[in-house]
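Please look over the two-chain model below.

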Amino acid sequence: MTSRTSGDWQPTAALEVLKLRARMLAGIRAFFSERGVLEVETPCLSAAATPDPALLSFHTLYTGPLYPHGQTLYLQTSPEFPMKRLLAAGSGSIYQICKVFRDGEAGRAHNPEFSLVEWYRVDCDLTQLMLEVDTLVRHLLDRHVALAATEKLSYREAFQRHAGLDPHTATAQDFARAARAQEIHTPPEMLAHHDVAIWRDLLLTHVIEPRLGQGRLTFLYDYPASQASLARVRPGNPPLAERFELYLNGMELANGFHELADASEQRTRFERQLHARSLEGRPPVPLDENLLAALANGLPDCSGVALGFDRLVMLASGARTIGEVIAFPLDRA
Amino acid sequence: MATYSTNEFKTGLKVMIDGSPGAIVENEFVKPGKGQAFSRVKIRNLKTGRIIERTFKSGDTIEAADVVDAEMQFLYNDGEFFHFMNPESYEQLGADKAAVGDNAKWLREQDVCIVTLWNGVPLSVEPPHTVTLKIVETDPGVRGDTSGGGGKPATLETGAVVRVPLFIQNGETIKVNTRTGEYISRA
């Protein structure tokens, strides 16, 4: 953290970059307007929160009419749950540009509040959605970043190519060996970790991501079923999550799902995540019963994606840090 | 045993690494959108100067190193140890050659240096940014040359050799930048 000096009132982003942000926001709205996708707004504050152990929600207390004795409200980590309720209510394809909040995340490419462009396409599979993401991102980066032909790489191919192992069958020992071969050094306690998910994320962030999307958009797809989150899982050996992520110049830009519509499967995953949270010593969060009720009522077949808007501006403006593209990051907020 | 969690990591933090004291020189937060967060740090081993890379899972801890920087006055060199004194407490301690290293050539008696102590023992010594030292040997300059161009080597009272302008003579005192080893001006 920088020390408090008299200059701290000033924005960290140049005015030129803030103008670019505004133009890109207008470009996104024009893009969806042309395609007949409805812009929506949903609450930032909710009585429920995501149980995902990798996402930590801020919370606050509301006291007043309706809740005279106070009600804990969680700030959204993404607008996914209420947007799915709109889809279940028959909204058709929708998008939203909003602030989301994630506790514990601050760094070169992270700020605890940031802007997402999230959209859902009804009757659309992942291939079609990837094409739309590609079109939008190319449109927004036009004249800012030269892009070669887009590449699609399965999660398995990426690990085989850059880390020399199959991420679906490798053991914790295999991952540890690959990490050492790549000069990734961890404390000895890490080696005792038999949780393959942690090793996958270690190699993904340290070895694979930096090599993805060099001068081109790279879609990574077919994730391990354990990383399905809210995506459908396609049966097979191994079963694979119908999920993709988009990378450009080593930076993760977007995450997309063929959306899980099965309410009981969703409840099972939530409960598994709650259990994982408790094992990490984190307090439980209330599950979103409204989402589960909406899924039980029927979610249309749809695919959805969240695009990190600030990171897109970073790429368009050539910024090295997220602070260069937002007016007031955490240490000046 | 004091420890730091990954949330406390920042440049300059003193930590123990492989049994040696170190200072964090770079800390990067990395996290997949839906996955485990890590702190990827570069740590300078304060004994060897080597940079070590290490990755910690967010929430993991690392042992703190009891490393402090103290302003101390250089007293004398007895051939084995360089002796320093805390100007407030008058406490004295000796730094060995490994701790002083190349900086020995800038140490003039009475000068105040930054002595980095690990568990009370000197790890490294940083001389003042600018030191004033007497020239003990240099070739006589060309008479009348005051341009400062060219230059010639001069040996200083501490044994350091710096390039000085041709007009500088034996026995003069000069100011030297200890970070670059360059002549600044006549003292």
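How many residues of chain A are in contact with chain B, and how many of chain B with chain A? The model is predicted. In it, 22 residues of chain A are in contact with 17 residues of chain B. Two elements of chain A, α7 (196-208) and β11 (251-258), each supply at least two residues of the side that touches chain B. The largest share comes from α7(A), with 6 residues. By residue class, this side of chain A has 8 nonpolar, 9 polar and 5 charged residues.

Next, the cores. The largest nonpolar core has 97 residues. Val133(A), Leu203(A), Leu220(A), Leu307(A) and Leu312(A) have the most contacts inside it. Helix α3 of chain A, residues 126-141, gives the largest share of this core, 7 residues.

Take Leu203(A) in more detail. Neighbours within four places in sequence are left aside here. The remaining contacts of Leu203(A) are Phe159(A), Ala163(A), Phe175(A), Ala178(A), Ala179(A) and Ile208(A).

Now helix α9 of chain A, residues 289-298. Which of its residues are buried? They are Leu291(A), Ala294(A) and Leu295(A). Seen down the axis of α9(A), the buried residues fall within an arc of 100 degrees, so they line one face of the helix. An α-helix has 3.6 residues a turn, so residues three or four places apart point the same way. The buried residues of α9(A) pack against α2 (80-88) and α8 (263-279) of chain A. On the other side of α9(A), Glu289(A), Ala293(A) and Asn297(A) are exposed.

Last, chain B. Its secondary structure comes to 1 helix and 16 strands. Why is chain B described as more spread out than a compact globule? The radius of gyration is 22 Å, well over the 16 Å that the globule rule gives for 187 residues, so chain B is more spread out than such a globule. Further values for chain B follow.

| Property of chain B | Value |
|---|---|
| Box filled by the C-alpha atoms, along the principal axes | roughly 75 × 40 × 25 Å |
| Buried residues, of 187 residues | 26% |
| Contacts between residues 24 or more positions apart, of those with a separation of 6 or more | 45% |

Notes:
Residues are numbered from 1 along each chain as its sequence is written. Chains are lettered from A and ligands numbered from 1 in the order in which they are written. This is a predicted model: local features need pLDDT of at least 70, side-chain atom pairs count only at pLDDT 80 or more; totals for chains, interfaces and linings use all residues. Two residues are in contact if their C-beta atoms, placed from the backbone, lie within 7 Å. Helices (H or I, at least four residues) and strands (E, at least two) are DSSP runs, numbered from the N terminus. Ala, Val, Leu, Ile, Met, Phe, Trp, Tyr, Cys and Pro count as nonpolar, Asp, Glu, Lys and Arg as charged, and the others, Gly among them, as polar. A nonpolar core is a set of buried Ala, Val, Leu, Ile, Met, Phe, Trp, Tyr and Cys residues joined through C-beta atoms within 7 Å. A residue is buried if 20 or more other C-beta atoms lie within 10 Å of its own, exposed if 12 or fewer, and partly exposed in between; C-beta atoms are placed from the backbone. The arc is that of the directions from the helix axis to the C-beta atoms. The radius of gyration is taken over C-alpha atoms; the globule rule is 2.2 Å times the number of residues to the power 0.38.
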